[in-house]
Amino acid sequence: MNLLSHKYLFAGCLLIAGTLSAWGQSAPSLAIRIDDLGAFHSVNEACIETYQSGIARSVEVMPVAAWYPEAVRLLKENPGLDAGLHLVITSEWENVKWRPLTHCPSLTDENGYFYPMMGPNPAYPGQSVMENKWDIKEVEQEFRAQIEMALRNIPQLSHMTGHMLSTGFTKEVNELVLRLAKEYNLPSIDRMDSPQDYQFTYIGYDGPNRTSAEKEESFIRSLNKLEAGKRYLFLDHPALDNEEMKTVFHIGYEQVALDRQGVTDLLTSPRVKQVIEEKGIKLISINQLTKGLPRSTPSKKLEKAMEKYLEAVKNAGQDLHSIMIVQHGNVLAEKWMSEGKEDEPHVLNSVSKTFTASAIGFAIAEGKLKLTDKVISFFPDQLPANISENLEAMTIHDLLTMTCGHDGDLRSNERAARNADKGWVEQFLAYPVDHKPGTFFAYNSPGTYMLSAIVQKVTGEKLVDYLYPRLFRPLGIVNVKWQESPEGINCGGWGLYLKTEDLAKMGQLFLQKGKWDGQQVLPEEWIAEASAKQVASFPAGMDPEAAKKSKISENTNDWMQGYGYQMWRCRHNAYRADGADGQYILIIPEKDAVIAVTAHIGDMQAELDLIWKYLLPAL
């Protein structure tokens, strides 16, 4: 495909889009993509404005541009804005130029700047990439340098695109970018075959678009033609019409500031937002477009079960925030209410533990750890003066299974609180180990913190950073927030915030025995061990005697089914990640299903009982 036909594709050729439906509903989905974050200060300001006050959901950032450092800061301040990498090998503007990060003379002019154009342009004779003898090896080395720099600064990147068609101006480049996209887990959304791969249709302006008013009218005409159940992508470049942008132009495109202010006006237009609301158009990010779980229509049986379940939740006074049901890999039902929001991360409490344990699984697979490693071996400079026999015997396996030998959760123990002047690792190691490790189950959140500290010790990375390339990016989990201790270590046992669909993805990964998109992300052996009953279990805060006195039964209690590696077994041969106040990832292998829940519900057994009563039979 030549440059001209590729450009025509971007103008909006119609392609068959995949159906998106959930709980019997179907609406058009629209991804608004804005480009060139980092190019100018005015562009940075406009991009953030169209996200905060408008309809933009995804932005592309340029590592080679002058205002890239500000772009990095702005993305940290706006973690909900889906960020993609904009790969650059051209520099079109007259008054500002960009240089490569690497030595690539086949892509630069005599001054070391990128050529201004990708294809031949009569205003710039001989000054395009395609008119010169570009080297595919230099293209690859420059793309890699931009990818790796961006990932260092912006680990939440979810995808990549090309500036001025840099990712697909020939078949050879298209294949290179596809390979890099797979290697770095960054889908390339504007290759020649991306619309087919991700099942979307480009839309543009349906009519004149020189002025702000024309842009608004033409865009609304496009919105009115969107079809239910299909997915669309709109791309444009916001900026501000100010003194800075008035200096920006190239021959043939002189009114850049005015034109791009019109884009900013369009994307923040109250009228456009009203049309989107009236038509029920769902705004999505590029990450949702490329890595969202597929949607499918539920059975009538499940629809009715959901209605009865939600009514029962209401009658029981349960403060449910969200629920998502996935079966056979497809989202069948999803609902947000109360404090729950689809696009905002939710506190997970101890669901965090399952993600921490997964980091241990990765580290073991990479040869950095063994289950039998002694805990004290990682912290020789933080040990107490007298090391007890039990402390010396404590292993990573004991931490994973909550059998490290303490009587209870140290986080709520007064004796631990009196040592608040010490670091958390030092406190943990100083606390008496009353039981032989591996013999006594007691829920222990600081033990999970120690797992996080161990991961950081052996990898040199914080838990969240270690998990980005191994877990979060492959699954398309972005906007990850994880609280830290005063020592700068992720809390491990708590403090993680993710969205409901992120929880469903994690559950689906376990259901698929660690595979995702045909790749073995987490070892199958680890999934099997983590989800199996490693030890007998009791509700948090109880020991065997207390459980016996309370007369709770294995037949009715989901905390009496056994504990794996930072996961609980459930009734119905299921297992779960479990967090205080009703956060759940329920994995139900016999139904090939996952149920993700966020809530603020104190009686978590009552919460599970309603799920088992109403939803399980309908799957």
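Student: How many salt bridges does a search of the whole structure find?
Tutor: The search finds 29, a salt bridge being a side-chain nitrogen of Lys or Arg within 4 Å of a carboxyl oxygen of Asp or Glu. This is a predicted model, where local features need pLDDT of at least 70, side-chain atom pairs count only at pLDDT 80 or more, and totals for chains, interfaces and linings use all residues. Residues are numbered from 1 along each chain as its sequence is written, and side-chain values use heavy atoms, with hydrogens and water left out.

Student: Which side chain meets Asp 197 in a salt bridge?
Tutor: That of Arg 191, at 3.0 Å, N to O. Another pair is Arg 295 with Glu 334, at 2.9 Å.

Student: Is Arg 191 buried or exposed?
Tutor: Arg 191 is buried, with a relative accessible area of 1%, whereas Asp 197 is partly exposed at 44%. Buried means under 20% relative accessible area, exposed over 50%, and partly exposed in between (1.4 Å probe, protein chains only).

Student: Switching topic, how is the protein divided into domains?
Tutor: Domain 1 is 29-291, domain 2 is 298-343 + 503-513 + 529-618, and domain 3 is 345-498; the bounds come from an automatic or database domain assignment.

Student: What area is buried between domain 1 and domain 3?
Tutor: About 820 Å², with carbon and sulfur atoms giving 51% of it. Buried area is the accessible area (1.4 Å probe) that two parts lose on being put together, summed over both. Pro 155, Asn 185 and Lys 291 supply 46% of what domain 1 buries against domain 3, more than any other three residues.

Student: And how many salt bridges cross that interface?
Tutor: Zero between domain 1 and domain 3 by the rule.

Student: Back inside, which residues touch the most other members of the largest nonpolar core?
Tutor: Leu 30 and Phe 219, in a core of 73 residues. Such a core is a set of buried Ala, Val, Leu, Ile, Met, Phe, Trp, Tyr and Cys residues joined through side-chain atoms within 4.5 Å. Apart from it lies another core, of 70 residues, including Met 324 and Leu 467.
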